[in-house]
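This briefing sets out selected local features of the structure shown below. The points are grouped by topic, and each term is given with its cut-offs where it is used.

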Amino acid sequence: MSGKMYGLSAYSLFKDRNLNPVDYSHRNKKAEFYYQIINVGSDTKVLSSILRREKYLFSSNQAFDKIIGLRDIYSKEYRELVKARTIEQKINQKFIDSHNSTINKVAKYPDKIEFHFAIMELEAWFLGIKDIFLSFDDRLTDEKIEASLAIKLSDIDPEKEVFHPAVLINKIMELANDGYDKKKAEVNKFMGRISKKDFNDLFESDKCQAFNEFCNSLEVDTTIEDRD
């Protein structure tokens, strides 16, 4: 969608109280399209927060076209269902179907709400980006990671083979005397090293289908001629 201009505002909404602005807003008075990101602070609250706020977000004062939910599928509930610590497609689908069913039953505008899961965590998408660890330390080659942790990132789809991606990232970073704890600063550390090309390459690869589905949901509903 090159040539289009976007605006972005970002907020936190913890404990379902007032929205609090956070660092990621991108003000653009000439924006043709506008996105609002709301961090509710808990995967288990994403759907309920959407359903509580949909009437407001689709009101004439706000007039959003779509609400998109995103959360990790990895959770205490998932671990309890999968004792072997393996990724189970049937369990994944159970989560997906359950959320979609709730949206269809409870939402006033279910056709305007899309819900996505990062499988197993958003960190799986970091693992799918080629050579991202080399950007931190030139010792973190594919071969070094394979020799130390018995996993070759270039050969796998992280969404299919890594049960707890954040833990694997921490183990990889520890090979260079660093770490990863999923906190804001650590996520920002990774995001700061990822380029638009990296995201495009991941999108065009055969890895991380959930990433592609989420990206496709962000597509602005314009005419075919306007799309890039």
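## Backbone, charges and contacts

Asn177 lies in the loop between α7 (165-174) and α8 (184-191); helices (H or I, at least four residues) and strands (E, at least two) are DSSP runs, numbered from the N terminus. The structure is a predicted model, in which local features need pLDDT of at least 70, side-chain atom pairs count only at pLDDT 80 or more, and totals for chains, interfaces and linings use all residues. Residues are numbered from 1 along each chain as its sequence is written, and side-chain values use heavy atoms, with hydrogens and water left out.

**Backbone geometry**

- Asn177 is not a glycine, yet its phi is positive, near 60°.
- Asn177 is exposed, at a relative accessible area of 69%; buried means under 20% relative accessible area, exposed over 50%, and partly exposed in between (1.4 Å probe, protein chains only).
- Lys182 also belongs to the loop between α7 and α8, and its phi is positive at about 70° although Lys182 is not a glycine.
- The peptide bond that joins Ile119 and Met120 is cis, with omega of about -5°.
- Met120 is placed in the loop between β5 (113-118) and α4 (123-127).

**Salt bridges**

- Side chains of opposite charge can pair when their charged atoms come close.
- The structure contains 9 salt bridges, a salt bridge being a side-chain nitrogen of Lys or Arg within 4 Å of a carboxyl oxygen of Asp or Glu.
- One of them links the side chains of Asp72 and Lys182, at 3.1 Å from N to O.
- Because Asp72 lies in strand β4 (residues 67-72) and Lys182 in the loop between α7 and α8, this pair ties together parts that are 110 residues apart in sequence.
- Asp72 is buried, with a relative accessible area of 9%, whereas Lys182 is partly exposed, with a value of 35%.
- Asp137 and Arg139 form another salt bridge, in which the closest N and O atoms are 2.8 Å apart.
- Asp137 counts as buried at 15% relative accessibility, while Arg139 is partly exposed at 41%.
- A salt bridge also joins the side chains of Lys189 and Glu186, at 2.8 Å from N to O.
- Lys189 and Glu186 are 3 residues apart in helix α8, so about one helical turn separates them.
- Lys189 is partly exposed at 22% relative accessibility, and Glu186 is buried, with a relative accessible area of 17%.

**Surface charge**

- A patch of positive charge on the surface brings together Lys76, Arg79, Arg85 and Lys171.
- Patches are made of residues with over 30% relative accessible area and no salt bridge; like charges are joined within 9 Å, and nonpolar side chains (Val, Leu, Ile, Met, Phe, Trp, Tyr) within 5 Å.
- Lys and Arg count as positive and Asp and Glu as negative, whereas His and the chain ends are not counted.
- The place of a charge is taken as NZ of Lys, CZ of Arg, CG of Asp or CD of Glu.
- Accessible areas come from the Shrake-Rupley method with a 1.4 Å probe, and for residues only the protein chains shown count as cover.
- Within this patch, Lys171 is found in helix α7 and is partly exposed, with a relative accessible area of 42%.

- Ser9 is part of strand β1 (residues 6-12) and is buried, at 0% relative accessibility.
- The side chain of Ser9 makes a polar contact of 2.3 Å with the side chain of Tyr34.
- A polar contact is a pair of N or O atoms within 3.5 Å; within protein, one must be able to donate a hydrogen and the other to accept it, and residues adjacent in sequence count only if both atoms are side-chain atoms.

**Separations between C-alpha atoms**

- Leu175, in the loop between α7 and α8, is partly exposed at 24% relative accessibility.
- Leu175 and Gln36 are 139 residues apart along the chain, and 37 Å separates their C-alpha atoms.
- Ile38 is placed in strand β3 (residues 33-39) and is partly exposed at 27% relative accessibility.
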